[in-house]
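Subject: Structure handover

Hello,

Please find the structure below. Notes on what was found in it follow.

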Amino acid sequence: KTQRMEYMETKKRMEYMELHPLPLRMPKYAEITVSKSESTGLTVWDDTWDGTVLDAYSKITVNKSLLGNISVTKQHAESSRIRRVIDARSVNSDGKGQLDNEKQQRVIVASIGRDLGRQGVVKGDVVSHFNGEAFNGTASELKGLISNCYEGEVLTFAFNADSAVAEALKRRSKLIRAGAAKTSNRKTKSRPIWHRLRSGTSRRIT
């Protein structure tokens, strides 16, 4: 019986996640300790955000050739459920959720070392914060900040805590709340008339 209940609960959670998909890039936090004798393995690359919420549902793939050339590809995840989330607070329901008409500079992870990998960081993650501060600079600027740190210093990073992901989570929350309100209203309307009279949700009939 317990296994059956656990199975049904897991199934409900999976169905719920399918109805309300989370962004492909979720916020992460990681720390690394500076060591002059050992490389962090972290390399970063300049990228641009197109100003859309859809970017949060895009898989960013970073490839490095044998010659060291780096290429970045972005593949948007498309489904009616993702579009519902994106359009939840949009003036124009175009499935993109345009927040800014101008492209914005950002930095993404091009490669990682073992330490960051164990903490869940992957190539394509967006560097959104460095040492507790929002980071809006270039890859070169971030490299400079890291190189100026002293031996044994703990560096902190937040990844994917950017505008696209934050807005996607807000819109998803709005969609969930709207659905919960509809479900509550349906339950109230389906109650027997005597129950609604007693609870004060319906007028008294004379």
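Helices (H or I, at least four residues) and strands (E, at least two residues) are DSSP runs, numbered from the N terminus. This is a predicted model, in which local features need pLDDT of at least 70 and side-chain atom pairs count only at pLDDT 80 or more, while totals for chains, interfaces and linings use all residues. Residues are numbered from 1 along each chain as its sequence is written, and side-chain values use heavy atoms, with hydrogens and water left out.

Pocket

A pocket is found on a 1 Å grid over the protein atoms alone, as an open set of points where a 1.4 Å probe fits, with protein on both sides within 12 Å along at least five of seven lines; its lining residues have an atom within 4 Å of a point. Grid points are joined across faces, edges and corners, and the volume is the space filled by probe spheres set on the points. The largest pocket has a volume of about 240 Å³. Strand 5 (104-111), strand 6 and helix 5 (163-190) each supply at least two residues of its lining. There are 15 lining residues, and R106, F135, N136, D162 and S163 lie nearest the centre of the pocket. By type, the lining divides into seven nonpolar, six polar and two charged residues. Here Ala, Val, Leu, Ile, Met, Phe, Trp, Tyr, Cys and Pro count as nonpolar, Asp, Glu, Lys and Arg as charged, and the others, Gly among them, as polar.

Salt bridges

The structure holds nine salt bridges, each a side-chain nitrogen of Lys or Arg within 4 Å of a carboxyl oxygen of Asp or Glu. D162, already named for the pocket, forms one with R25, and their closest N and O atoms are 2.8 Å apart. This pair links distant parts of the chain: D162 is in the loop between strand 8 and helix 5, R25 is in the loop between helix 1 (2-19) and strand 1 (28-33), and 137 residues separate them. D162 is buried at 14% relative accessibility, and R25 is buried at 5%. (Buried means under 20% relative accessible area, exposed over 50%, and partly exposed in between, with a 1.4 Å probe and protein chains only.)

Another salt bridge joins D125 and K28, at 2.9 Å from N to O. D125 lies in the loop between helix 3 (114-118) and strand 6 and K28 lies in strand 1, so this pair ties together parts 97 residues apart in sequence. D125 is buried at 4%, whereas K28 is partly exposed at 23%.

D115 and R118 form a salt bridge as well, at 3.9 Å from N to O. Both lie in helix 3, three residues apart, or about one turn of the helix. D115 is partly exposed at 32% and R118 is exposed at 60%. Salt bridges with shared partners also join R25, D47, D55, K74, R106 and D162 into one network.

Aromatic pairs

The structure holds two aromatic pairs. Rings of Phe, Tyr and Trp (its six-membered ring) pair if their centres lie within 6.5 Å; planes under 30 degrees apart count as stacked, over 60 as edge-to-face and the rest as tilted. F130 and F157 form a tilted pair, 5.2 Å centre to centre with 55° between the planes. F130 is in strand 6 (residues 127-130) and F157 in strand 8 (residues 154-159), 27 residues apart. Both F130 and F157 are buried. F157 and F159 form a stacked pair, at 5.8 Å and 15°. F159 is buried, with a relative accessible area of 0%. The ring pairs link F130, F157 and F159 into a cluster.

Regards
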